[in-house]
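Here is a short note for a colleague who has not seen this structure before. Please keep the model open while going through the points.

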Amino acid sequence: NPGGGRRQRMMQLAFGWHNYGNSVIGARSDIENVPIERLQAFYRTYYQPDNAVLVVGGNFDERQALGMVARHFGSLPRPTRKLPGLYTTEPTQDGERSVVLRRAGDTQMIGTLYRVPSGGHQDYPAIDVLVHVLATQPTGRLHLALVQKGLASTIWGGESALHDPGIMFFGAVLRKTEPLEPAREALLSTTEQLLAEPVREDEVARAKIALLNDFDKTQTDSLALVSSLSEFSASGDWRLFYLYRDRLRKVTVEDVRRVAGIYLKPAN
């Protein structure tokens, strides 16, 4: 997968110390050669009640549901071990980093990735709005700067609301015959020169409406809601789902301009 390979190389550069720089699956040799004892030790350490989240959603009887939870899971013994603590903090990045990955194929990709705080940080809703302003299609700035001008066939952007400080990322796809450098320059100038062309009030308002509508839709879909609550729980606390929504409602254009100035810079 060209996108997966590119993303993995970029994550390795962004996180030289934290485990976010490592692929979850690992190398092929890891899967082929891992000793069974290591898998069993991992299972005994992490697949335990104190490391699990159970979310029940939909039209159910609360007392009956809690009774079923107690019947099926209550007999599991409380672990005697303590979960190992994670203590590695990725240091402040010491300058721009880049990687070129060459493989066979018919497309070209360019991407840029920036370090941001954890998903529970108060800046994260403004970062989410910033990503929407840049990467939504067809009104986002990257679409206008690359796709509409014929420099790329498509663009993307996103952010990862992780437990520890994570990333926001942007990129574009080009045909094999298209020149790469003009698209690369347009991508970087669009993301990194927002002080010269500040984010506008109407862009922030449009992004907030779209993102808040997503929250409303999630709360009317049981599967989407329980999935979101478990994801926010992994980020630190299931209540972050509602705190994040409340913070998003308060995001101002000044907030978005501020986070753009802090995080969208070459050194980051």
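1. A definition comes first. On a 1 Å grid over the protein atoms alone, a cavity is a set of points where a 1.4 Å probe fits but cannot get out, and lining residues have an atom within 4 Å of a point. Grid points are joined across faces, edges and corners, and a volume is the space filled by probe spheres set on the points. With that, a search of the whole structure gives 2 cavities of 30 Å³ or more.

2. The ground rules are these. The model is predicted: local features need pLDDT of at least 70, side-chain atom pairs count only at pLDDT 80 or more, and totals for chains, interfaces and linings use all residues. Residues are numbered from 1 along each chain as its sequence is written, and side-chain values use heavy atoms, with hydrogens and water left out.

3. The largest cavity has a volume of about 60 Å³. Its lining consists of His132, Val133, Thr136, Thr139, Gly140, Glu203, Arg206 and Ala207. Helices (H or I, at least four residues) and strands (E, at least two) are DSSP runs, numbered from the N terminus. The top contributor is α8, with 3 residues.

4. How does the lining of the largest cavity divide by class? There are 2 nonpolar, 4 polar and 2 charged residues. Here Ala, Val, Leu, Ile, Met, Phe, Trp, Tyr, Cys and Pro count as nonpolar, Asp, Glu, Lys and Arg as charged, and the others, Gly among them, as polar.

5. The second largest cavity holds about 40 Å³ of space. Gly119, Gly120, His121, Phe232, Leu240, Leu243, Tyr244 and Arg247 line it. Helix α10 (residues 240–249) gives the most, with 4 residues. The classes are 4 nonpolar, 3 polar and 1 charged.

6. Now look at strand β3 (residues 166–175). Of its 10 residues, 9 are buried, so the strand is largely enclosed by the rest of the structure. Buried means under 20% relative accessible area (1.4 Å probe, protein chains only).

7. Strand β3 has two partners to check. Strands pair if DSSP finds at least two bridges between them. Strand β1 (residues 107–116) runs antiparallel to β3, with 10 bridges; tyrosine 114 has methionine 168 as its bridge partner. Strand β2 (residues 154–159) is also antiparallel to β3, with 6 bridges. Glycine 157 stands opposite phenylalanine 170. A hairpin of 6 residues joins β2 to β3.

8. Glutamine 137 and proline 138 are joined in cis, with omega about 10°. Proline 138 sits in the loop between α5 (124–135) and α6 (141–147).

Methods:
Buried means under 20% relative accessible area, exposed over 50%, partly exposed in between (1.4 Å probe, protein chains only). On a 1 Å grid over the protein atoms alone, a cavity is a set of points where a 1.4 Å probe fits but cannot get out, and a pocket is an open set with protein on both sides within 12 Å along at least five of seven lines; lining residues have an atom within 4 Å of a point.
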